[in-house]
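Student: I have this model open and would like to talk through a few of its residues. Could you take me through them?

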Amino acid sequence: AGLQPVKFTQSLEGLPRHERNGRILIDDHLRVKGHEGSIWAIGDSAVNESGAPLPQLAQVARQQGMYLARVFNGKQREDEKPFRFFSLGSMASLGDLKGVYDGTSVGEPGKEIKHPRITGILALLLW
């Protein structure tokens with residue numbers, strides 16, 4: 001995860017870019033705008049112009065990769081169902097048998113399920 005696109009994606013010419021952050025513009029199906037059906041972009045290099053930016057976390061890129069695998073393997077048509085991120089919360093090990101789990105917004109944006117924040121050894125065991 002990063003704060004700006006890597007140099008490789010910045011070097012790709014002819015792709016539409018978000019005016020503020022320079023990321024590649026995609027639609028709800030992860031297809032590059034203007035190149036639907038031939039070019040897709042995921043992870044930190046892409047942003048959907050119609051919605052709020054997704055968190056720059058590995059779980060986002062993993063879910064996007066799984067979505068595209070279904071499309072590329074023919075298990076789903078490319079325009080059948082839009083990609084929807086489902087947050088799994090965030091976890092971290094803090095050392096000394098301590099951890100933190102923040103599940104306060106687990107689920108799809110706008111449909112989150114509220115879970116408590118867990119700290120200490122229990123959060124470390126969950127991690």
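Student: Is phenylalanine 72 buried or exposed?
Tutor: Phenylalanine 72 counts as exposed, because its relative accessibility is 52%, where exposed means over 50% relative accessible area, buried under 20% and partly exposed in between, with a 1.4 Å probe and protein chains only. This is a predicted model, in which local features need pLDDT of at least 70, side-chain atom pairs count only at pLDDT 80 or more, and totals for chains, interfaces and linings use all residues. Residues are numbered from 1 along each chain as its sequence is written, and side-chain values use heavy atoms, with hydrogens and water left out.

Student: And tyrosine 67, what pair does it form?
Tutor: Tyrosine 67 forms an edge-to-face aromatic pair with phenylalanine 83, at 5.7 Å centre to centre and with 80° between the planes; rings of Phe, Tyr and Trp (its six-membered ring) pair if their centres lie within 6.5 Å, and planes under 30 degrees apart count as stacked, over 60 as edge-to-face and the rest as tilted.

Student: How buried are those two, as relative accessibility?
Tutor: Tyrosine 67 is buried at 2%, and phenylalanine 83 also counts as buried, at 11%.

Student: Switching topic, what about arginine 31, buried or exposed?
Tutor: Arginine 31 is buried, since its relative accessible area is 11%.

Student: Which residues does it touch?
Tutor: Leaving aside neighbours within four places in sequence, arginine 31 is in contact (heavy atoms within 4.5 Å) with residues including Glu36, Trp40, Glu78 and Asp79.

Student: How exposed is tryptophan 40?
Tutor: Tryptophan 40 counts as partly exposed, because its relative accessibility is 22%.
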